[in-house]
Amino acid sequence: MRSAFLRLLPSLSFAVLLACAPTLRAQEAPSPDDPPPASTAPAQQARDANTTTLNVNVNLVDIYFSVHDKGGFITSLKNGDCGLFEDGKLQTLKNFTQEKNLPLTIGILLDTSGSQQNVLPLEQESGATFLSNVLTPKDEAFLISFDVNVDLLSDYTNNAHEIKRAIDHASINTASSSAGIPGIGGGPMPTSNPRGTLLFDAVYLAAHDKLRSETGRKIIVMLTDGGDQGSQETLKSATEAAQKANAIVYVILIADRAYHQGSVFDTSERDMYQLAQDTGGRVINVGHDGKKLEAAFDQIQDELRTQYLVSYTPINKTADGKFRKINIDCGKGATVQARKGYYAIVGDSDND
């Protein structure tokens with residue numbers, strides 16, 4: 001079931017475009033060779049359209065995670081090989097499985113601001129190939145571009161060709177004032193920043209308005225240089241939206257560094273690390289290298305094929321709305337990539 005858009009940001013054109021879009025149905029900056037960092041990600045799914053905080057069924061908590069060591073991803077773990085702690089207390093696992101075939105919902109967020117002029121063709125080619133390789137008939141994906149506007153270029157579909165057409169039609173947009181309807185490709189988003197890049201707004205809308213009511217595995221793959229200018233949302237609110245949608249955010253940093261001033265670019269990288277780690281994902285820095293970009297998408301595919309799912313009933317059953325910290329320990333030398341907690345809110349969610 002698809003949710004209606006739950007929040008309209010006055011300066012965004014996202015919901016306007018959605019109403020006009022064709023109905024379609026229907027996923028460190030270290031190099032790709034470096035191991036992914038550990039992540040920190042609170043999240044649970046909300047389904048109540050009138051609730052602005054996370055809704056969870058505190059009787060069951062589900063955690064998706066992957067594990068790697070120096071040799072790569074570990075795919076042979078069984079129940080008993082890992083311990084899960086909530087607020088420091090060991091929990092009893094009710095389920096421990098490897099999830100390769102669970103339906104996947106992917107949001108692709110494409111930075112089309114002026115700083116991406118020289119790398120957009122690389123993003124388009126590699127992004128389309130990634131979706132072609134990943135999408136199965138039971139999966140779905142959507143595409144959002146963000147610059148001075150946030151536009152839904154393709155709604156939910158499991159047709160990789162539909163997404164490819166939308167990706168191929170994406171174009172750089174630096175307009176700040178012109179005639180037209182915002183969000184429908186002909187007009188600007190009202191903003192005081194003519195070089196705006198509404199990155200945080202795009203993450204918020206993708207998570208809150210698109211992924212929040214979805215079930216199963218949910219990821220956001222964002223191709224960007226990491227810079228935000230002019231968003232109404234912040235790093236904090238965008239991160240929380242992704243956490244509450246239980247959506248893992250992967251950030252592929254791709255940019256022509258000559259376009260950026262060093263200190264600004266460094267700050268953007270730090271923000272992207274925080275966003276990815278807090279949602280259970282990671283950052284892959286590819287510079288403007290097409291081969292590294294392809295390798296980054298390959299890494300994400302590998303992670304999706306090696307994810308585990310654990311479920312448990314918390315010892316603390318109090319639905320107090322507080323954030324519960326989660327830590328998974330799979331032994332010495334094993335690095336776990338997972339969200340770091342959830343919000344214990346009363347609700348009827350099945351906690352996907």
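Is C330 buried or exposed? I looked up its relative accessibility, found 11%, and noted C330 as buried (buried is under 20% relative accessible area, exposed over 50%, partly exposed in between, with a 1.4 Å probe and protein chains only).

**Entry 1: basis.** I am working from a predicted model, in which local features need pLDDT of at least 70 and side-chain atom pairs count only at pLDDT 80 or more, while totals for chains, interfaces and linings use all residues. I number residues from 1 along each chain as its sequence is written, and side-chain values use heavy atoms, with hydrogens and water left out.

**Entry 2: the disulfide.** I searched the whole structure and recorded one disulfide (a pair of cysteine sulfur atoms within 2.5 Å). It joins C82 and C330, with the sulfur atoms 2.0 Å apart. I noted a torsion of about 110 degrees about the S-S bond of C82 and C330, so the disulfide is right-handed. C82 sits in the loop between β2 (72-73) and β3 (83-86), and C330 in the loop between β13 (323-329) and β14 (335-338), so the pair ties together parts that are 248 residues apart in sequence. C82 is buried as well, at a relative accessible area of 9%.

**Entry 3: overall counts.** I listed seven helices and 15 strands; these are DSSP runs numbered from the N terminus (helices H or I, at least four residues; strands E, at least two). Of the 352 residues, 57% count as buried. The protein exposes about 14,400 Å², of which carbon and sulfur atoms supply 51% (Shrake-Rupley method, 1.4 Å probe; for residues, only the protein chains shown count as cover).

**Entry 4: the open sheet.** I traced six strands in the order β8-β7-β6-β9-β10-β11, with mixed pairing (two strands pair if DSSP finds at least two bridges between them). The edge strands, β8 (150-157) and β11 (283-287), each pair on one side only. I recorded an average twist of 15 degrees from one strand to the next. Strands β6 (residues 104-111) and β9 (residues 217-224) run parallel and are joined by seven bridges. I also noted that T105 has K218 in β9 as its bridge partner.

**Entry 5: two helices.** Helix α7 (residues 290-305) lies across β6, β9, β10 (248-254) and β11, at about 165 degrees to β10 (axes are lines fitted to C-alpha atoms, for helices over the stretch in contact, and angles run from 0 to 180 degrees between N-to-C directions; contact means heavy atoms within 4.5 Å). For helix α5 (residues 235-244), I found eight of its 10 residues buried, among them L235, T239 and K244. N246 follows α5 and has a positive phi, near 55 degrees.
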